[in-house]
Amino acid sequence: MAEKKEKKDAKKKGKEEEKKAAISLDPPSGTRDFFPAEMRLQSYLFGKFRETAELYGFQEYDAPVLEHEELYKRKAGEEITQQMYNFVDKEGAAVTLRPEMTPSLARMVLNLMRIETGEMAALLPLKWFSIPQCWRFETTQRGRKREHYQWNMDIVGVANIHAEVELLSAIVNFFESVGITSKDVGLKVNSRKVLGAVLKNAGVPDARFAETCVVIDKQDKIGAEAVQKELRETIGLDAEVAKKIVLATAASTLDEFASLAGVGESEEVKELRLLFQLAEEEGYGDWLQFDASVVRGLAYYTGVVFEGFDKAGVLRAICGGGRYDRLMTLYGAPKEVPCVGFGFGDCVIYELLKEKNVQPALGVKVDFVVAAFNQEMMGKAFNVARRLRKAGKTVDVYTEVAKKVAKAFNYADRAGAVRMAFVAPDEWQKGLVRIKDLRNFKADDPDDMKQKDVPLEDLANVDSYFGMGPAPTATAAPGAVFKPPTRSAEVKVENLEAILSDQPYVTGFRPSKQDRDMFEKMRKDTGRPTTPAVSRWFDHVESFPAAQRLDWQ
């Protein structure tokens, strides 16, 4: 009996040890796996980041995710210095996974500088953008992870407010491109120059300006009273002075702030007024609002600072940035280099798209599924796939023989295939491949519209056999090439659902200027439509690069 109990206990202990030894299938705390569906959304978002940056004439750059720890130790009471994934490597170097990109940018810019003179070897201004992965050991919450990707746009070498105007415009352009409006999101704007004048009047020495800004930035987290206490105890301000500063940062307008702070119509105030004026003239003034409490938590900011916020109050800060003219001098530059930029985390943007119900429909999609009739035709099927790929088509080969056609169709549907290519003996002997369009026609359209036997040697022009693209160089068999119906040049929006139920584009079977114009108007005025045919058309048109849409006639 005792022996039986011992065996049972040993078996139980073995199972417990095996359970402990099993590898967790969850990613480390605060990190994410990106399955194909998440990668499609990431690719969409990163594509929008890149498209916006390129529209504004920016060039992409990158740097190692592993950086020198010293780059981030600016000793100004910043949270970021306490949140680093830092360690000493096997060569004894103190390194960290980068918590943000700006110091790496500064290091790279300094590589382009002649340190003895401070002159740049590169043509200014530098307009650079990046989408780096960043790491911070902090409490995870909705829209905030320990690892995230951050879209950065920075302008180096422009000292005037025009650089800020361009960057704020780029942020607005991005929001509009993903269906977010000024009713959803706003941009709070302030200036550390204005705040600097206030603090100088209050007796805060220049040497403690950055540290004081870091304290004031905690107002949303710890409250006004706690900030006043920290200003008294940490910075050494008089109680009345601390109270006056906190009250001034609660001002709702620039005029009110200037009055409460006693700075009047100073040069710093005039500069901020000019920013709002230029934004209004460009056409995005409705996105901006003055907020004296925005100072940003990083010590290196020196001028205009800004933050994107959710007007519904559900999400944390969406993006942020500002001017940092003195950062280069912290790393050895002999003189100040004017710089301004922003950072845009991906986690909170995903949440914003969900919250505002503007997530794109990003299903699996491939141009062709190629299926072989039998095993003898499999090599030919691979040959067809190769020809289509060389023509720029995305192709998935159905790796089973397709005698059971229903199974091949089911696979093509799940793969999101636009067309199916059947490689069968009868057509192959004639030098043909049977192509069936699965998406661009209605179920009751005649087969000779949806299905063509395309010459093997002309597969590169397969679109033309379905009325899309230039005329074919060979003759389809059987039947002639289908010609799209002619329609009036004027198409009304209310008729779009019916029209696009019959054909893939507004005026027929190829994209046109009218598709582009209607898409741009819809994106600006109403956002993504909800009806099936128009929403499918909208997503398809959106998938084309903006530059390609401009070529449509």
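**View 1. Ten aromatic residues form one cluster.** In this predicted model, a single aromatic cluster is made up of Phe34, Phe46, Phe49, Tyr149, Trp151, Phe174, Phe175, Trp287, Phe342 and Phe344. Across the model, the count of aromatic pairs comes to 20.

**View 2. Trp151 and Phe174 make a tilted pair.** When you look at two aromatic rings together, describe them by the distance of their centres and the angle of their planes. For Trp151 and Phe174, the centres are 5.5 Å apart and the planes are at 55°. Where do Trp151 and Phe174 lie? Trp151 belongs to strand E9 (residues 147-156) and Phe174 to helix H4 (residues 162-177), so this pair ties together parts that are 23 residues apart in sequence. Is Trp151 buried or exposed? Trp151 is buried, with a relative accessible area of 0%. Phe174 is buried too, and its relative accessible area is 0%.

**View 3. Trp151 also pairs with Phe344.** Here the ring centres lie 5.4 Å apart and the planes meet at 40°, so the pair of Trp151 and Phe344 is tilted. Trp151 sits in strand E9, while Phe344 sits in strand E14 (residues 339-345), so the pair ties together parts that are 193 residues apart in sequence. Trp151 and Phe344 are both buried.

**View 4. Two side chains lie over aromatic faces.** Which residue lies over the face of Phe137? Look for Arg146, at 4.0 Å from the centre of the Phe137 ring. In another example, Lys188 lies over the face of Phe309, at 4.8 Å from the ring centre.

**View 5. Three strands build an open sheet.** Strands in a sheet pair through backbone hydrogen bonds, and the pairing can be parallel or antiparallel. In what order do the 3 strands of this open sheet come? The order is E2-E4-E3, and the pairing is antiparallel. Strand E2 (66-68) and strand E3 (85-88) are the edge strands, each pairing on one side only. From one strand to the next, the twist averages 35°.

**View 6. Strands E2 and E4 run antiparallel.** How many bridges join E2 to strand E4? There are 3 bridges between E2 and strand E4 (residues 94-97). To follow the pairing at the level of residues, find His68, which stands opposite Val95 in E4.

Note on methods:
Residues numbered from 1 in each chain as written. Predicted model: local features only at pLDDT ≥ 70, side-chain atom pairs only at ≥ 80, totals over all residues. Heavy atoms only, no water. Pairing = 2+ DSSP bridges. Helix = DSSP H or I, 4+ residues; strand = E, 2+ residues; numbered from the N terminus. Axes fitted to C-alpha atoms, helices over the stretch in contact; angles between N-to-C directions. Phe/Tyr/Trp six-rings, centres within 6.5 Å; stacked < 30°, edge-to-face > 60°. Buried < 20%, exposed > 50% of the residue type's maximum accessible area, 1.4 Å probe, protein only. Lys NZ or Arg CZ within 6 Å of the ring centre and 35° of its normal.
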